[in-house]
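Here is a two-chain model to go through by question and answer. Each answer sets a value against its criterion.

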Amino acid sequence: MLAKRIIPCLDVAEGRVVKGVQFLGLRDAGDPVEIARRYDAEGADEITFLDISASHEGRETMLHVVEQVAEQVFIPLTVGGGIRTVEDVRRLLNAGADKVSINTAAVTHPDFVREASDKVGSQCIVVAIDAKRVSAEGEPPRWAIFTHGGRKPTGLDAIEWARTMVDYGAGELLVTSMDRDGTRAGFDLELMARISDAVEVPVIASGGVGNLDHLTDGVLKGKADAVLAASIFHFGEYTVHQAKEHMAKAGIEVRL
Amino acid sequence: MNQPMVAVVDYGMGNLRSVAKAIEHVAPAGMTVRVTEHPDDLANADRIVFPGQGAARDCMLELGRRELRDALLEAARSKPFLGICMGMQVLMSHSEENGGTDCLGMFPGEVRFFGHGLKGPEGEKLKIPHMGWNGVRQARPHPIWEGIPDGERFYFVHSYHVAPAEPDLALGITDYGPPFVSAIARDNVAAVQFHPEKSAEAGLRLLGNFLRWNP
């Protein structure tokens, strides 16, 4: 049976991991290659890099990071952040990324998603969906798409948008609840389940993981095909292996 | 003596760098890994790795445009040959993809879409593409399975799968909805639907096994 995936996510700026990853015995806490190797050794099913570089140079550095990781880590690598052109996509894939995650550009230029998936195949195209709950208390739940880290509303309905992006060629959706991101209160399970039910492609749940039960909930209640988390793995609270054992105990198929 | 050379066939479709890096990682000292689009290199290579991603029609068009079809068919008759993902599918006669695409016809059989509304054993919805780590049951012993436990998980990403017309081609079986053939082999050719270059230890082991295989 197909395993549910656990995907650690690393924020990288100017080629360095930020948000202070803390591992015992790590020589260089900012080195993406060393951290990626560690996650691979712990049994991560994939690794996602989010490039939050502010500069053009930072993005160039990201290509080198991807090259170095791809030479040493033989599991799928996804890179997101600032991807706007088919040329950006190609360069990342040629550097060794397996998938790219398109965020703001999907909202501002939806045809870019179509163009990119036509050129490189939808299996390489992840569309990131950043959604916030916009319904009032007591109303049927509604979520809308926000860009710029949740600051800028677009008016797009999240469920409709998810369907549209799959029609445009997204091979997978990375769904982040902007209400939960950074709160450690768990995924917005209703949002995840609604989107997972609405589309045929796999859904990665993201935003809000604070403990291992949140991961199992993401799969069992949120119907996610994969769960993405950052801080619970970075600070040595839990290893990816522990997370998988926890999921296995809850009856979830995982790769152990 | 000439150094042994593995040719990784480049026809503009997919993650060649990943494939080449993984092979380099497990290659014995002195073995050269060459990513190439030249038919001559295929003729001179000791082994061929034929990867691929994307759509069947584009793959066939690119192979034709680079005049690689004859060189590939010739190589598959004479030297150890490993197809990966789309590089497995286009070995068959025909694919349903893109409204029907004729393929290389090395093996009789079809490439079929998984189907919409696919369900698992407990009635759960199965997503398309089939993406992630799934188990492979070894249909029979083979040198590429050396040291790999039966049922080991490998990384898959695909929406179509092969359905060989001759059941004895099957080398590996995977469950996703109904079971499908996830690896095939005959004579000096082996091919896998999953991505060994992205399947951690087990995948590297399989690639190493391929480099040592002398059919």
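Q: Which residues touch the most other members of the largest nonpolar core?
A: This is a predicted model. In its largest nonpolar core, Ile47(A), Phe49(A), Ile102(A), Leu173(A) and Leu215(A) touch the most other members. That core holds 80 residues. Helix α2 (residues 56–72) of chain A gives the most to this core, with six residues.

Q: What makes a set of residues a nonpolar core?
A: Its members must be buried residues of the nonpolar kinds, joined through side-chain atoms within 4.5 Å. In soluble globular proteins, nonpolar side chains tend to be buried together.

Q: What is Phe49(A) in contact with, leaving aside its neighbours within four places in sequence?
A: The cut-off for contact is heavy atoms within 4.5 Å. With those neighbours left aside, the partners of Phe49(A) include Leu10(A), Val12(A), Pro32(A) and Ala36(A). Met62(A), Val69(A), Leu77(A) and Val79(A) are also among them.

Q: Why is Leu191(A) called buried?
A: Buried means under 20% relative accessible area. Leu191(A) has 0%, so it counts as buried.

Q: Where is Leu191(A) found, and what is it in contact with?
A: Leu191(A) is found in helix α7 of chain A. Leaving aside neighbours within four places in sequence, Leu191(A) is in contact with Ala131(A), Trp143(A), Ala158(A), Val175(A) and Ser177(A). Thr176(A) is 15 residues from Leu191(A) in sequence, and the two C-alpha atoms are 9.1 Å apart.

Q: Which residues of helix α7 of chain A are buried, and what covers them?
A: Helix α7 spans residues 189–198, and its buried residues are Leu191(A), Met192(A), Ala193(A), Ile195(A) and Ser196(A). Their cover includes strands β6 (125–133), β7 (143–147), β9 (172–177) and β10 (203–206) of chain A. Helix α6 (158–167) is also part of that cover.

Q: Is Val17(A) buried or exposed, and how do you know?
A: The relative accessible area of Val17(A) is 9%, so Val17(A) is buried. The cut-off is 20%. Val17(A) lies in strand β2 (residues 16–17) of chain A. Leaving aside neighbours within four places in sequence, the contacts of Val17(A) include Leu10(A), Val12(A), Ala29(A), Pro32(A) and Ile35(A). Glu60(A) lies 43 residues from Val17(A) along the chain, and their C-alpha atoms are separated by 15 Å.

Q: Why is Glu14(A) called partly exposed?
A: Glu14(A) has a relative accessible area of 37%, so it is partly exposed. Its place is in the loop between β1 (5–13) and β2 of chain A. Phi of Glu14(A) is near 50°, a positive value in a residue other than glycine.

Q: How do you know whether Cys85(B) is buried or exposed?
A: Its relative accessible area is 6%, so Cys85(B) is buried. Cys85(B) lies in the loop between β4 (81–84) and α5 (86–89) of chain B. Phi of Cys85(B) is near 55°, again a positive value in a residue other than glycine.

Q: Which residues does the cis peptide bond join?
A: The bond joins Ile128(B) and Pro129(B), with omega about 5°. Pro129(B) is found in the loop between β7 (107–113) and β8 (130–135) of chain B.

Q: What does the radius of gyration of chain A agree with?
A: A compact globule of 256 residues would have a radius of gyration near 18 Å. Chain A has 17 Å, which agrees. Chain A has ten helices and eleven strands. Of its 256 residues, 57% count as buried.

Q: Why is chain B called as compact as a globular protein of its length?
A: Chain B has six helices and 14 strands. The globule rule gives 17 Å for 215 residues, and the radius of gyration of chain B is 16 Å, close to that value, so chain B is as compact as a globular protein of that length. Buried residues make up 61% of chain B. Residues 24 or more positions apart account for 71% of the contacts in chain B with a separation of 6 or more.

Terms used
Residues are numbered from 1 along each chain as its sequence is written. Chains are lettered from A and ligands numbered from 1 in the order in which they are written. This is a predicted model: local features need pLDDT of at least 70, side-chain atom pairs count only at pLDDT 80 or more; totals for chains, interfaces and linings use all residues. Side-chain values use heavy atoms; hydrogens and water are left out. Helices (H or I, at least four residues) and strands (E, at least two) are DSSP runs, numbered from the N terminus. The radius of gyration is taken over C-alpha atoms; the globule rule is 2.2 Å times the number of residues to the power 0.38. Buried means under 20% relative accessible area, exposed over 50%, partly exposed in between (1.4 Å probe, protein chains only).
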